Amino acid sequence: MDVVAYETLVPFTTKDGSTIREFIHSPAQSLAEATLGPGQSTMRHYHALSEEIYLLTAGSGTMELDGDVREVGEGDAILIPPGAWHELRAGSEGVRLLCCCVPAYRHDDTYV
């Protein structure tokens with residue numbers, strides 16, 4: 001059984017500009033926590049192969065998905081299909097989210 005403690009995770013910056021801590025990265029999927037500071041946003045980007053699910057665990061912001069813009073907040077889940085351009089802009093308190101990618105996140109599958 002693999003158990004990963006949050007305290008052991010090393011943060012890094014992804015190609016889209018968010019800071020993540022990856023809990024699990026298997027050949028099939030990945031799960032990470034991402035954070036954006038107040039007013040910070042990801043670069044608008046897409047993934048050719050990966051489907052993503054964002055689950056906001058704290059804060060709020062504005063999510064753009066292929067031109068559709070919506071306010072999002074704690075407890076909201078967002079499905080991001082492969083090939084969909086997207087950008088998340090944090091509100092005044094920042095935002096924290098869990099991000100699940102299938103297949104697993106790869107820098108070379110991120111297009112800006």
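Is Arg96 buried, exposed or partly exposed? At 39% relative accessibility, Arg96 counts as partly exposed, where buried means under 20% relative accessible area, exposed over 50% and partly exposed in between, with a 1.4 Å probe and protein chains only.

Before going further, note that this is a predicted model, in which local features need pLDDT of at least 70 and side-chain atom pairs count only at pLDDT 80 or more, while totals for chains, interfaces and linings use all residues. Residues are numbered from 1 along each chain as its sequence is written, and side-chain values use heavy atoms, with hydrogens and water left out.

**The whole chain**

Begin with a cartoon of the protein, which has nine strands and zero helices; here strands (E, at least two residues) and helices (H or I, at least four) are DSSP runs, numbered from the N terminus. The radius of gyration of the protein is 13 Å, close to the 13 Å that the globule rule gives for 112 residues, so the protein is as compact as a globular protein of that length; the radius is taken over C-alpha atoms, and the rule is 2.2 Å times the number of residues to the power 0.38. Switch to the C-alpha trace, and its extent along the principal axes is about 40 × 30 × 20 Å.

Colour next by accessibility: buried residues make up 34% of the 112 residues. If you display contacts (heavy atoms within 4.5 Å), residues 24 or more positions apart account for 66% of those with a separation of 6 or more.

**The salt bridges**

Five salt bridges are found in a search of the whole structure, each being a side-chain nitrogen of Lys or Arg within 4 Å of a carboxyl oxygen of Asp or Glu.

Select Glu33 and Arg96, whose side chains meet in a salt bridge with an N to O distance of 3.6 Å. This pair links distant parts of the chain, with Glu33 in strand E3 (residues 30-36) and Arg96 in strand E8 (residues 86-102), 63 residues apart. Glu33 is buried, with a relative accessible area of 8%.

Move on to Asp68 and Arg70, which form a salt bridge whose closest N and O atoms are 3.2 Å apart. Asp68 is partly exposed at 37% relative accessible area, whereas Arg70 is exposed at 55%.

Finally, select Arg106 and Asp108, where the side chains meet in a salt bridge of 2.7 Å, N to O, and Arg106 is partly exposed with a relative accessible area of 37%.
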